[in-house]
Structures are given as C-alpha cells and as structure tokens.
Amino acid sequence: MIRLEKRPQPSKVWTWATPVLAVVATMIFGGLMFALLGKDPVLAIRTIFYDPLFGEFSSYSRPQLLVKAGPLILIATGLAMGFRAGIWNIGAEGQYIIGAVFAASVGLAAYPAESVLIFPAMVIAGAVGGTLWAMIPAVLRVKFGTNEILVSLMLVYVAENILAYAALGPLRNPDGMGFPGSRNLSQYPSAANLDLIPGTGMHWGVVAALIAVIFGYILLSRHILGFQIRLAGQAPRAAAFSGVNPGRLVLICMGIAGALAGLAGMFEVAGPAGRISIDFNVGYGFTAIIVAFLGRLHPVGILLAGLLMALTYIGGEVAQLTLGLPVAAIQLFQGMLLFFLLAVDVLTNYSLRWSGREVA
Amino acid sequence: MDLSAISPVLLLAALMVAATPILLAAIGELVVERAGVLNLGVEGMMITGAICGFITAVATGSPMLGFVGAALGGAALSLLFGVLTQYLLSNQVATGLALTLFGIGLASLLGQGYVGVRAPSVPKLDIPVLSDLPWLGPILFRHDIIVYLGLAIVAAVWWFLRHSRGGLVLRAVGENHEAAHALGYHVTRVRMAAIAFGGACAGLGGAYLSLVRVPQWTEGVTAGAGWIALAIVVFASWRPGRLVVGAFLFGGITVLQLNLQAARVQIPVEVLSMSPYIVTIVALVALSARKGRGSAAPGSLGQSFHAAR
C-alpha cells in the first residue's frame, strides 16, 4: 500500500515541478482525446504548442500571444492575492465586463472630441468599474458574512445582462444602422488602445500586466500586506492574533482583483475587441482562475502560465482552422490541465511512503 | 402590457416544473455538504448530465433511459472530483471550480452534432380523479414523473438523515471527521458515496433542463442553475425541508419573470432576466444577516481529511 505522509513544509522542488508534470500529463491525455476525435494526436499537439510560435504563420500568431496573455495575466495576478488569503473571488468575468462597460461609456461620452486625457480617464473608469463590482461581494462578506463565492459568481450573470442592455441600448452605435453593439473604440484615436510597437501585439494592457506582475511580486514577498495575505491563508487564527483585520483584507484583496479585472476589460474593449457587444466577454475571467493556480498563485508563475494558456487559445484556433478540431476540445483541454495540476499537487504537500509489513 | 394573460394556475404549475432541476441538484449537494464536502462543481455535473441524458434519450428513444444516463454521467464526473479531493487531498474549492470548467468543456464537446436535434418528449402523468380536480389538478397532479421523483428524493433524504443509522454516520463524518474516524467509520468511503449521489442528482437536474424544460440541447443550457442550487443549499441551512421552499421560491421568480417578459411589461428584458440571480443574492444576504455568527454549516465542511493514524 502506498501511504501519504504530510510534509512538515511544502516541497520547494515539487512546487515548481508539478505544473510542468501537469502540462506533460495534459499533453498525453489531451493527445488521447484528440486521437478519439479522429485527429493525429502528435500533429494536434504540435499545432497547438509549436506552430503558433515557430510554424509557417507564426508571424501572425506570435503577436496574438501577448494580446491573449495580457488580460489573463492581469486578472490572474489579482485573483491570486485573494486565493492566497482564502478569499474566493470567482466572479472576475463580471468585473471584467463592468470595467469594460464603464470605460467604454467614458470613451463614448467624449466621442468625437480628441484629447490626451480621454484614454487615462477610460483607464480610471475601467478600474473603478471593476472595483465597484468586486466591492459588492466583498462588502456583503464583511458586513453580513455572506459567501463571496456564490455572490461574485451570481454577479457574472447580472453583469452579462448589463452588457446586453448596454450593447442594445445606451451604448449602441447611433450610426450602426440598428445593429447591436457600440462604436468601434479602436478606430477613435483618443480612446484606441493600439499596439505600442506595431505588429507585436504589445498594447497598454500587456504593459499593465507586466507592471501588475512586478507590483504583485513586491507586494507578496516584501510588503507587510503580502505577509498578512499569506498568513491569513495558511493560519487564519494566527493571523487574527497577530492583529490582521480579516475584513480589511477581504476588501483589499477583492478590490485589487476587481480593479485589475476591470482594467483588463478596459484594455480589451479599447483595443482587440474594439467595441461593446453582446458577446464581448469570452471567458477570460474564468480561464484566469486556471492561470492563477497553474502559476502557483505567484506573480512570476502567473506570467508564464498566462503565456502558456494564451498559447493554447491561439494554438486551438490554428488547430480549429487546419485540423477542424472543435473549440470545445480546447476548453476541455484547459480544464484537464487544472485537474492534473490539482492531482499532482499532492506531491507538493505529501510524500509517498511504501507501508507494507511493519505495523505502526 | 397585458397582465391579465398571466394565469395564476398555469404560473403555479410552471413553478413546479421550473423548480425541479434546481431542487434535484440542490438535494444532491445537500447530502454532499452534510458529509463535509464542498463540491462547487454542481454546474459542471449538471451540464454533463444534461448532454449525457440528451444523447442517451435520442439514441434509445426513451426519455427515462435518458435520465438514467444523465445520473450515471453526473456520478462519473463527480467521482473524478472525489478521487482528487478524497484520495489526492486537493483543495475542494479549486477542484470544484475545475470540475465546472471541465464539465462545461466536456458537455459542449459531447454536444457537437446534437444542436437542433429533437429528443423524445417526456410524458405527463394523468392521475385519474386527482388531475381533474379544479385548481389543484393542473397545479399539482399533471406533471411528468421526474417532478414527483425530485420531491420523493427530498423526502427520502430527509428520512435518511434524520431517522436512519446511515444518516447518523454521514452527519458524524460531516460534523467532525476526526471523531468519526476515531469511532471507526470510513470517512473517505462515506464521502465518496455522498459525492457520487450528489453527482447523480445533479445529472438528473441537468437532464431535466435539456429533456423537459428547454427541451433541446444548447450550449450553456444550465445558465448558472448549478450555482443557484449551491446557493439554495446555504439558504436552506442544510435542511431538506427548507430546500423545497428555496427551490420553489426560485422557480417562482424564474417563471414570473418569463411571464412578465412575454406580457411585454415596461421593464427592460435584461432587468427581468437578471432578477433570479439578484433575488438569490438578496436571499443569501438576508439569511446570513439574520443568522449572525453561529453558522448552521457542517463542522468539517470543505476540509480535507487525512488519516494520520
């Protein structure tokens, strides 16, 4: 019989080895799944993980990597703060939507005036929108002890309805001949979030993601708040005795996560998406949960995990075009990755012992 | 606006149908949580059940076999969660979320080619005498068998938890797994059984959506029903009786808002469609505000159990 023995401390080696192991296991089982779907597994894996970077059309797909990774990293960095402290904000998708709606409203209100102040105002609006939306579950948890998991998730559905209302009502393009959706912000110079270096996919959102990673790292490893976050997650009672105010921590963690998700929505609506439409949100808020865990809730890990997850999105699109692989297969593939990661994580916290003859 | 078109009898009858999927998923999750396990993957198990049931019903032509397939599909998926959380001791919140993301992907992959397909319809029972009663007949006695199955499962769970030895063991495991272990109960085995039951119920609830309520396969057919079921378990303070109240309350809101949409009330459609979610939040807040600090949640809820000795 194999027995698990709890390690006194999580293994440093396994902490970083398990994500790699999970990726390998996902590739193997994903390959099996692709084979079941009647595709060549090796070719499929190659199309997803290799071709977008070094293949024939990589000059087109490589910039897309940053475009997709930007929002994922930005959202996941914020979520990781809360997850570390045992605060489960899983409604980042809603905060992302509201951030985008706020930012687009500011931009569209200014249309067609041109000013250097419009873009910064939109950035602030996006962050404020996301924060406000995240404050609903945060305040309810602090004031009434309401479960933040359920409230933040319910608010995603509310946000989706607000998005639909905005796209069909107040933000609808007056020159759009009745079609739903707003004006295209990426064609409005003062509001557009374009590539800083053309053709690289490097827009302001990617810059913001990098800044978030750096600040997140400093906050978690060098700042007292980061210490409190880690303490509250690992030993809530010890945290309470050492003077950590749990309510304040909830508000801060949810606020940061909401602001970053709102920013991600802002950069998306002003850049790659361009406009508010019914199908504006594509699930970045949920995929970011996978990214946060895959990156070990560590900002640098999240950076790498975000790039990897972006690769599966782009590779998935390529595989869809060239191999006819269904989009759902990629979704399943991403879910599988999180499953394997959680499964092999047992090695981080426990060591395997063979226990046979001897009686304890 | 034409409110007179809304008939209270039809409204109440529709309420029972609207409440059933939530009730099924919630009663399963209630048992899981009473065993001390927090499975946030209800949405994923429901949608997997929805497509498994749909495929089975289309393939066999029998909606009842469809429900069996849905229960098996939901249970199979839940065991994945069980193995991870019970044997590999992974974090239950994270694993539950993973189960939902995985289930949604799995369902939309399995559902390829079933969009727009018609499933065999589930017959309505026609109970002699009872269904001919004025008022009560259409409200209570002219539904399909799954509506009554849902209520029967709730009653059975209530009896099991309250009056049977097995229920006592399950509650002990949920309240204090260390003590239950010391008494010689198999904590992990009890929990695995509860998880599988929860998965099967969620699968049934999902299939009720795809086979009866909608009734067809569309991506995202569950639209958050699994999350609402989770909320209703909290709302019910982990008690089967209150669960029925919660599910009917929610079913009522859903049906009412759909009827108001159809009656073209001067309220934006979006406001009406978000109302069930807002009502759920308000109910959660009202409950947690009233309850204060003493929580009715099972003592070991969400904690991993690792038998050191």
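**Exercise 1.** Which side chain of opposite charge is nearest to Glu270(B), and how far away is it?

*Solution.* This is a predicted model: local features need pLDDT of at least 70, side-chain atom pairs count only at pLDDT 80 or more, and totals for chains, interfaces and linings use all residues. Residues are numbered from 1 along each chain, chains are lettered from A, and side-chain values use heavy atoms, without hydrogens and water.

Step 1. Glu270(B) is buried (under 20% relative accessible area, 1.4 Å probe, protein chains only).

Step 2. Look for a partner. Glu270(B) has no salt bridge (a side-chain nitrogen of Lys or Arg within 4 Å of a carboxyl oxygen of Asp or Glu). The nearest side chain of opposite charge is Arg172(A), 8.4 Å away (Lys and Arg count as positive, Asp and Glu as negative; His and chain ends are not counted).

Step 3. List neighbours. Leaving out residues up to four places away in sequence, Glu270(B) touches Asn161(A), Ala164(A), Tyr165(A) and Leu168(A) (heavy atoms within 4.5 Å).

**Exercise 2.** Describe the interface of chain B and chain A.

*Solution.* Step 1. Count residues: 43 of chain B contact 40 of chain A.

Step 1. Take the area. The two chains bury about 3,600 Å² between them, 83% of it on carbon and sulfur atoms (accessible area lost on being put together, 1.4 Å probe, summed over both).

Step 2. Count salt bridges. There are zero between chain B and chain A.

Key
Buried < 20%, exposed > 50% of the residue type's maximum accessible area, 1.4 Å probe, protein only.
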